[in-house]
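Reader: Could we go through this structure together? I would like to start with the helix packing and then turn to the core.

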Amino acid sequence: MPTEKATRRLAAMLLFGGSMHFLAPDWFDKIIPSGLPGRTRTYTYLSGATALAIGAGLTTAGTRRPAAMAATAFLIGVMPAKIKLTRDWLHSDKPRWVKALGVVQLAWQVPLIVDAIKAGSDRP
């Protein structure tokens with residue numbers, strides 16, 4: 001079932017990405033937009049914990065629908081960080097292929113959001 005595939009793909013991405021926030025927090029600290037109150041690391045950890053919670057919620061039929069709604073909001077909410085990453089990489093001396101990856105990771109948000117919406121329409 002395509003919806004089940006989308007849900008699994010999204011859950012795996014969120015669980016992996018959420019884990020990486022704790023395993024390599026320095027990388028994520030760099031993409032937190034400036035001007036936010038508080039410590040950058042706090043946003044990194046909160047974002048990682050949120051991704052882990054949503055990913056876990058997507059793996060269980062009873063919590064899939066609310067987790068999918070949360071995933072949609074979360075993926076939209078992290079867009080400023082994705083835009084900052086893309087902008088930083090495009091204006092850097094990184095190789096062209098890395099700059100292209102920056103654009104791809106930003107564009108990839110759209111299918112992820114679509115997957116989140118599909119996951120919410122899947123009835124347990």
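**Helix packing and core**

Author: In this predicted model, the axes of helix H6 (residues 96–107) and H7 come within 4 Å and cross at roughly 25°.

Reader: Which term describes H6 relative to H7, roughly parallel or roughly antiparallel?

Author: H6 is roughly parallel to H7, because angles under 35 degrees count as such.

Reader: Which residues meet there?

Author: From H6, Gln-105, Leu-106 and Ala-107 meet Gln-109, Val-110 and Pro-111 of H7. By class, this contact of H6 with H7 has four nonpolar, two polar and no charged residues.

Reader: Turning to the core, how many residues does the largest nonpolar one have?

Author: The largest nonpolar core has 16 residues. Those with the most contacts inside it are Leu-10, Leu-14, Ile-54, Leu-58, Ala-71, Phe-74 and Leu-75.

Reader: And which elements give two or more residues to this core?

Author: They are H1, helix H3 (40–58), helix H4 (61–77) and helix H7 (109–121). H4 supplies the largest share, five residues.

Reader: What does Ala-71 touch?

Author: Leaving aside residues up to four places away in sequence, Ala-71 touches Leu-10, Leu-14, Ile-54 and Ala-116. There is also a second, separate core of six residues, which includes Ile-31, Ala-81, Leu-85 and Val-98.

Reader: What separates the C-alpha atoms of Ala-24 and Thr-40?

Author: These C-alpha atoms are separated by 14 Å, with Ala-24 and Thr-40 16 residues apart along the chain.

Terms used. Residues are numbered from 1 along each chain as its sequence is written. This is a predicted model: local features need pLDDT of at least 70, side-chain atom pairs count only at pLDDT 80 or more; totals for chains, interfaces and linings use all residues. Side-chain values use heavy atoms; hydrogens and water are left out. A nonpolar core is a set of buried Ala, Val, Leu, Ile, Met, Phe, Trp, Tyr and Cys residues joined through side-chain atoms within 4.5 Å. Buried means under 20% relative accessible area, exposed over 50%, partly exposed in between (1.4 Å probe, protein chains only). Contact means heavy atoms within 4.5 Å. Axes are lines fitted to C-alpha atoms, for helices over the stretch in contact, and angles run from 0 to 180 degrees between N-to-C directions. Angles under 35 degrees count as roughly parallel, over 145 as roughly antiparallel, 65 to 115 as roughly perpendicular and the rest as oblique. Ala, Val, Leu, Ile, Met, Phe, Trp, Tyr, Cys and Pro count as nonpolar, Asp, Glu, Lys and Arg as charged, and the others, Gly among them, as polar.
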